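Please take a look at the fold before reading on.

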2 protein chains.
Amino acid sequence: MFETDRTPKRVGVVGLGLIGGSFAKAYADAGIEVFAADIDERAMNAAMAEETVAGPLDEATIPTCELLILAVYPQAIIEWVRSHEQFISPSTLVIDCGSVKRSVCPVCFSIAERRGFTFIGGHPMAGLQYSGYRHARADLYAGQPMVLVPPEIYDPDIILWAEEALSPAAFGSFSITTAAKHDQIIAYTSQLAHVVSSAFIKSPTAQKHRGFSAGSYKDLTRVAELNADMWTELFMDNADNLTEEIGVVITELGRYRDALSRGDEAELHALLEQGSIAKRKADGRYSDAREGGVR
Amino acid sequence: MFETDRTPKRVGVVGLGLIGGSFAKAYADAGIEVFAADIDERAMNAAMAEETVAGPLDEATIPTCELLILAVYPQAIIEWVRSHEQFISPSTLVIDCGSVKRSVCPVCFSIAERRGFTFIGGHPMAGLQYSGYRHARADLYAGQPMVLVPPEIYDPDIILWAEEALSPAAFGSFSITTAAKHDQIIAYTSQLAHVVSSAFIKSPTAQKHRGFSAGSYKDLTRVAELNADMWTELFMDNADNLTEEIGVVITELGRYRDALSRGDEAELHALLEQGSIAKRKADGRYSDAREGGVR
């Protein structure tokens, strides 16, 4: 089955926080009818008052949505699918936004298979240091990457379907991966970044920073204030990978400390140079040639 | 001696890197004549070609500058002052930009006292992940904080003098402190931030980040590529404070790792909550009241 345009006419969004709220606004801006569910009545009232959301996502509206976006915590995603699976149409695409995938995808794949609808794991690579509907933005995903985790055996067309269904969010690129690989990489790019920021801010010197700080302090501490409930659940669901990554950064930090406390200037220089090379490689800018031009 | 306007007519800049080059551009934009010295002829040629710099800062021009800005590495600051002290007029204000102060200020204070000119330690709280004249910007300092380290015993008027002399850079605020206090705080706000970023990028997972990363990864790794020569010198000059700060962040990171590997969800939650509180306190936003409003 090929269609030229599988942008949905009607979308259901579960969870009107920063992530779900931003999807709701992007779809509403595209003229698509959005139904939503949130345990927080205030978020629902705000979204309906501003006409982002047309009405509640419930037994009556779930079967009519061609796309369901699940943007709540991982365990709540599973609970919502379990308690609403009977209302989901076999022609519906369901995409979750959980930022861990091993604990969510296999359960949802098997429910979807049994019920006949299509489930694809998703993780939009966008976020802010703020949470909640009031920070949601229609353009939060514009130009950003989206990770998709299809079932182990899948029709490649469902990837195209997902890309077309998500087109109102205007993602910049899509990465297809497995739940295991996703969780391993995200333990570093997102989770470790939050742990390091949280640890960094705990130095007593942080409280004296004003007038003595600029961009690097600001960057390192941007995400130090976080939603502890959400991140605790995400970290616990990915404890093996995250424990490993924290261990790596502790080991690396120890090398700088040891070089400094030994007064080993050559080693310290080498450690910094290796960091520069790793950064250039990670950004795809590495070459052995030294930089030329006016420094 | 009070003057209503002590903005200089003629400024000397030693070092046309990012920091000195940005001062040179800001002063040139304000119509002030800038003389400069740099061991890199290409930077001098570029600055003169674009008419930021009027000519070389040398035996002939040094005595005519009302303000000298020293923007080279700490040891080079001391060497420049030692080898040019005889040309500096007693009516000149000399401000360095070294990002460590204990190794620079006492030496320069004593030369200044002997020669009769005025020396104030300085550290502009601005920078980029790039170095060199080609990245210099006239507005690099606009709205940013500037740290001033006056001699132990000083006429408070020299602070006003410095503020007026630096007015073309348009700093947002000035902090007055001692060399010891400066070095202790900067070990955290700037140096530790660079060490952590350099260590963070060394996880093998960093090389797989593309398509799986967003703002938090970008922030944590922004300064990982750095000028190893410069930072090695800065770190060695502040090894005691920096060793201490690296130790603190290693200890803090260990707490998260231990909570995770024990599966201690309550402890992990508490650690994250404490980080959020520390961040709010550091930003001056802390109150015991819980946030209200739509989440």
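## Sheets and the helices on them

In chain A of this predicted model, Gly12(A) has Leu68(A) in β4(A) as its bridge partner. Helix α3(A) packs on the sheet there, touching β1, β4 and β5 (93-96) of chain A, and its direction makes about 145° with that of β4(A). The strands β1 (residues 10-14) and β4 (residues 67-70) of chain A pair in the parallel sense over four bridges.

Stepping back, chain A holds an open sheet of eight strands with mixed pairing, in the order β3-β2-β1-β4-β5-β6-β7-β8. Its edge strands, each pairing on one side only, are β3 (55-56) and β8 (173-176) of chain A.

Now to chain B, where an open sheet of eight strands, also with mixed pairing, has the order β3-β2-β1-β4-β5-β6-β7-β8. Here β4 (residues 67-70) and β5 (residues 93-96) of chain B pair in the parallel sense over four bridges, and Leu67(B) stands opposite Leu93(B) in β5(B). Helix α4 (residues 105-115) of chain B packs on this sheet, touching β6 (118-124) and β7 (145-149) of chain B.

| α3(A) | β4(A) | about 145° |

Back in chain A, how do two helices meet? The axes of α3 (residues 74-84) and α4 (residues 105-115) of chain A come within 10 Å and cross at roughly 10°, which makes α3(A) roughly parallel to α4(A). On the α3(A) side the contact involves Ile77(A), Ile78(A), Val81(A) and Arg82(A), which meet Val107(A), Cys108(A) and Ile111(A) in α4(A). Six of these contact residues are nonpolar, none is polar and one is charged.

Note on methods:
Residues numbered from 1 in each chain as written. Chains lettered and ligands numbered in written order. Predicted model: local features only at pLDDT ≥ 70, side-chain atom pairs only at ≥ 80, totals over all residues. Heavy atoms only, no water. Axes fitted to C-alpha atoms, helices over the stretch in contact; angles between N-to-C directions. Parallel < 35°, antiparallel > 145°, perpendicular 65-115°, else oblique. Contact = heavy atoms within 4.5 Å. Nonpolar A, V, L, I, M, F, W, Y, C, P; charged D, E, K, R; others polar. Pairing = 2+ DSSP bridges.
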